[in-house]
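Open the model in your viewer and keep the sequence panel at hand. Each stop below gives a selection and then what is there.

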Amino acid sequence: MTGAVIAIVGRPNVGKSTLFNRLVGRREAIVDDRPGVTRDRREGAASLAGAEFTVVDTAGLEDAPPGALEAAMRRQTEAALAGADAALFLVDARAGVTALDRHFAAWLRRGAAPVVLVANKAESGRGTEGALEAYELGFGAPVAISAEHGEGLADLYEALAAFIDASAAKDERDRNETDGLLRLAIVGRPNVGKSTLINRLLGEDRLLTGPEPGVTRDAIAVDWTWKGRPVRLVDTAGLRRRARVQDRIERLSAADTDRAIRFAETVVLLLDAKDGLERQDLAIAARTIEEGRALAIAANKWDLVRDPSETLGALRDRIEASLPQVRHVPLLTVSAATGQGIDRLMRTAFKSREIWSRRIPTGALNRWLRDAMEAHPPPIVKGRRLKLRYAAQIKRRPPTVAIFGSRPSAVPESYVRYLANGLRRDFDLPGVPIRILLRAAANPYDEGGPR
C-alpha cells in the first residue's frame, strides 16, 4: 500500500463507492442505488491535490445480528479501520442524520482511528440542513462534498492533509531506519573474543584485548562503514551470572551492557565455540529477546574446533530447545583471529534488522488469521468457542500484532504461542521477537447484538 491508509465508512448508500472511484480516478467499485452492493473491502491507489495515499472502500455499516452476512461485512469494515490512519465517515447531506448514523458514530468513537466527518451529496449547496445537522455526531465540522460531481475535494484534502503528511513522514523515517545506520551490539560472556571481533571488523587494534577476562568495562561505540553502509558497533563488557557480580565496577559494566542492548537494533551473541552454549549465554539471549531486539548467535574461535559438524549440530539443537520464543535464530561460525565468517556475520546483521523492521499488510495478516483458526480453532472456554475477529500490525521493531476478539483474557498462552509460531513461519520472521497483543473487539454487536 502507498502512504497513508484512509478507510471510507458509513451506512449503506451514502456514496462510499462513488467517492472511492473519484479518488482512484476510475470506476473500480460497482455503484448502484440499491444498498449493500459492496460486501468486501477494496483498496486502491488514490490521489488528491497531488498527494498519494491508499483508500479503502468498505461495506455499509448495517444493524444486523452476529451470524448474518451483514455482520461478516461489518467485520471487514472493522479490519479496514484497524489498519487505517484515518476514517472518512460519510453521511447523506440530503437525507440528514439518521438513527443508524448516530449508532455508528458512537461505535466509531470507541475505535482507535481518527474520524473525518464528510457530508456527501451536497452538490451546488444542496443538503445544507443535513450537513449542519451532522455537527451533532460529535466529530466537528463536516466536510461538504459531492463525490458524484467532484465538488468540495479541496476541502476534503485540507481535512486529510495532516494524516497524509504524518504517514509520509513516518514512511520516510522507516526508510531511513532500514537503509541508514545499523546499531549493532556485540554481547557475550567474558573472554569470548568480543573486542577481538570488533578489531577484526575495523581492520585495526581499536579496542584493548587480552587473555584475562574483564578487559572491557565500558560499552564502547565505534562508527564504521561496511561495504558503504554505516554501522555503529558497540563492544560490551562480558556478562557473568548476576549472583557472581559483586564488584561495583562490574555491576556498572553490566548495567552499561543492558543499555547497549536496549539501544541496539541487531544484537550478536558471541559464544566460545569450544565451550558451547552455556546457561549464561541463554540468559543474555533471553534479555535481548525481552528488549525486543533482533538476535543472531555467532560461535567464535571456530578455527580451533576439532569436529565442526558435530559441534554445529549440538549448538543448533541446544538453541532450538532453549529459545523457543525466537525459533530459527541465525547461527554463524566465525573466527575473530583469522577473519573467517566476518562478511557473512555482517550480511546477517543487516538482514536481521530488515526482518525486525518488516510490516505485514493488513489484508494478508487477516487471511493468515482466518487460515490459522481453520487449521486449529481457538479453544472452547466455559461452553463457548473463543472468537478472534481480525488482526492488525500496530508496531514494527519488533513486529507487534494486535488481535481483536471476544474475551481476550480467556485465550490460553498455548494458543498465543501457536499464533506467534505461525506468524514467524508463514511470514518468514526468523530470529526476531514477535509480540501478540489480544484486545477486545470494538464491535457493538458482540455477544448478543447492539449495545
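A residue counts as buried when its relative accessible area is under 20%. By that cut-off, 51% of the 451 residues of the protein are buried. Keep in mind that this is a predicted model.

**The whole chain**

Start with the cartoon view. The secondary structure comes to 12 helices and 17 strands. Now think about contacts between residues at least 6 apart in sequence: 70% of them join residues at least 24 apart.

Select residues 194–202, helix α6, and residues 342–356, helix α10. The axes are 11 Å apart, and the angle between the helices is about 95°. Angles of 65 to 115 degrees count as roughly perpendicular, so that is how α6 and α10 stand to each other.

Which residues meet here? Show the side chains of L197, R200 and L201 on the α6 side. Across from them, in α10, are I342, L345 and M346. Five residues of this contact are nonpolar, one is charged and none is polar.

**Aromatic pairs**

The structure holds six aromatic pairs. A pair of rings is described by the distance of the centres and the angle of the planes.

Select F89 and F139. Their ring centres are 6.0 Å apart, with 90° between the planes, and the pair is edge-to-face. F89 lies in strand β4 (residues 86–92). F139 lies in the loop between α4 (128–133) and β6 (143–144). The pair therefore ties together parts that are 50 residues apart in sequence. Buried or exposed, these two? F89 is buried, at 0% relative accessibility. F139 is buried too, with a relative accessible area of 17%.

Next, select Y415 and Y418. This aromatic pair is tilted: 5.3 Å centre to centre, 45° between the planes. Both residues belong to helix α12 (residues 413–426). Y415 and Y418 are three residues apart, so about one helical turn separates them. Y415 is buried, at 3%, while Y418 is partly exposed, at 25% relative accessibility.

**Charges over rings**

Then select R229 and F350. R229 lies over the face of F350, 3.8 Å from the ring centre.

Select I284 in helix α8 (residues 279–290). I284 is buried, at 0% relative accessibility.

**Backbone details**

Zoom in on R397 and P398. The peptide bond joining them is cis, with omega about 5°. P398 is in the loop between β15 (388–395) and β16 (400–405).

Move on to R407, in the loop between β16 and α12. R407 is not a glycine, yet its phi is positive, about 45°. R407 is partly exposed, with a relative accessible area of 22%.

Finish at D428, in the loop between α12 and β17 (435–440). D428 also has a positive phi, near 55°, in a residue other than glycine. At 47% relative accessibility, D428 counts as partly exposed.

Terms used: Residues are numbered from 1 along each chain as its sequence is written. This is a predicted model: local features need pLDDT of at least 70, side-chain atom pairs count only at pLDDT 80 or more; totals for chains, interfaces and linings use all residues. Side-chain values use heavy atoms; hydrogens and water are left out. Axes are lines fitted to C-alpha atoms, for helices over the stretch in contact, and angles run from 0 to 180 degrees between N-to-C directions. Helices (H or I, at least four residues) and strands (E, at least two) are DSSP runs, numbered from the N terminus. Angles under 35 degrees count as roughly parallel, over 145 as roughly antiparallel, 65 to 115 as roughly perpendicular and the rest as oblique. Contact means heavy atoms within 4.5 Å. Ala, Val, Leu, Ile, Met, Phe, Trp, Tyr, Cys and Pro count as nonpolar, Asp, Glu, Lys and Arg as charged, and the others, Gly among them, as polar. Rings of Phe, Tyr and Trp (its six-membered ring) pair if their centres lie within 6.5 Å; planes under 30 degrees apart count as stacked, over 60 as edge-to-face and the rest as tilted. Buried means under 20% relative accessible area, exposed over 50%, partly exposed in between (1.4 Å probe, protein chains only). A charge sits over a ring if NZ of Lys or CZ of Arg is within 6 Å of the ring centre and within 35 degrees of the ring normal.
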